Amino acid sequence: MKTKNISKIFSVVGVILLASCNSFLDKIPDQRTDINNEDKVTKLLVSAYSISIPGLLHDWMSDNITDNGVAYGWYYDIVKEAYNFEDVTTTSADSPYTIWEENYKAIASANLALQAIEELEAEEDVKLDAQRAEALLCRAYAHFTLANTFCQAYNPQSSSTDLGIPYMYEVETTAINEYERGTVAEVYKNIFDDIETALPLVDDNIYVQPAYHFNRRAAYAFAAQFNLYYGKYDLAAEYATTSIGEDPTGGFRDITAFVGITARGEMTNIWVNPEATANIMLQGIWSVHGRNYGVVQRYSRFGLPGAKAAEIFTSAGPWGTSSVFMNNFLYGNSGYNVLFPKRDEYFVYSDASEGIGTPYNMTVPFNVEKTIIDRAEAYTMMGEYELAARDLSYFYVCYGVSAATVDQINDFYAVGDSRYVKDINPRFDIQPGMQENFIHACLHARRIATVHEGGRTLDIKRFGIRYTHYVDNGADINIEPFDPRLAIQIPDLVASAGMQRNPR
């Protein structure tokens, strides 16, 4: 059998964007690999999932967090920098540098797999459609993550001029390259094309552990979220239904499983259980996110105190006025940092005697709760309020409170309680009245569903939510709609190689 050798440089940031950084270039000779059969392509795609996401940065940038006062400290400078909207200069876990590097590494693996697939199919009697689908989805998702981190949110008014990020299609073989950022609109068009090409080809049969891959449910959940952000609401609703079904009641999280659990790690393990039907896809990441919500940090200066919890954990809503919404989930509530441990740390030692290693978290990028809220928002934007109320009620009941009618949802958010109805200024059309009230319902539900995940900042960016970060013994930080600081600054090493910085 004839084989084709394909070389790939794994340290993609050095190859693609950071030619000035010798430490990357030094790794090139040792990290080439030959991908010359179907099994190797399939295994390569494990590395097409980034191990870095912006969850920590987005969490502390959001209106879920406040300043508890100068009497308290913080665990890592990155949380102080994120809260104060300062440029992050560290290159450690959760930093812009690491997010950039690891996502472009994932993209490089996806592109190598696609190149290998093309060459293998041309020379051998094989068809690798399922692997092609996974590679395309991984490439799309990594670019989606990068765009949501380093760019403004997609919108029809400004995305044709807003700075994007380089969309990588090729396997690079030289460190001497210059790339233009393009626009957010161009990035989204490319993501859309990759997703649409991939969806018909997804096949779960190639996965030994589907929960850690873009299985069929995960592929369509991602497609639903992306198309919601892209303003293609009919596709968002259709794809969400393909992922979770018309009535996902049987697939929701079992909140009774958390009753009586007192160990943080045990609660986290229940949340990230790959066997849980609610968890559509899991992703292992390098992160210290969980440390900053640890028990020792309940008095942290920058945290989620009881007053914020009243907008999230103990929130009132169309379901009633006094329900403890996530009572079964709560692990810690000191008044300074309310916690549900979605993140716990799995520390992998590289040198146990020196205590050196890497902190890993397991996270759930796609679950039934988030996808049903995405569908509710899509129906809201389509004017299908009965369907939106039905989907929101699925979520309410899942989290242990009562279903609500169209009128109950509309009436609750029409009151304009500032804890749940924020000042929104989207760059797309929302009709005042019922449509706007239902949008507030979706934003409120998603704020609850994504607490401690950073998802709130994505909604802040998409809807132009105006808010303030209180600063004890200093000037408050006012964040305006589409504030330039919401697009995290690109890493210094990338900018020093010639890439345009985000405006400030």
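Mentor: From α10, the residues Tyr233, Ala236, Ala237, Ala240, Thr241 and Ile244 meet Val368, Thr371, Ile372, Arg375, Ala378, Tyr379 and Met381 of α13. By class, this contact of α10 with α13 holds 10 nonpolar, two polar and one charged residues. Here Ala, Val, Leu, Ile, Met, Phe, Trp, Tyr, Cys and Pro count as nonpolar, Asp, Glu, Lys and Arg as charged, and the others, Gly among them, as polar.

The model is predicted: local features need pLDDT of at least 70, side-chain atom pairs count only at pLDDT 80 or more, and totals for chains, interfaces and linings use all residues. Residues are numbered from 1 along each chain as its sequence is written, and side-chain values use heavy atoms, with hydrogens and water left out.

Helices (H or I, at least four residues) are DSSP runs, numbered from the N terminus. Helix α10 covers residues 233-244 and helix α13 covers residues 368-381. Their axes come within 8 Å and cross at roughly 150 degrees, which makes α10 roughly antiparallel to α13. Axes are lines fitted to C-alpha atoms, for helices over the stretch in contact, and angles run from 0 to 180 degrees between N-to-C directions; an angle over 145 degrees counts as roughly antiparallel. The crossing of α10 past α13 is left-handed, a term used if the near helix is turned anticlockwise from the far one by less than a right angle.

How values were computed: Helix = DSSP H or I, 4+ residues; strand = E, 2+ residues; numbered from the N terminus. Parallel < 35°, antiparallel > 145°, perpendicular 65-115°, else oblique. Contact = heavy atoms within 4.5 Å.
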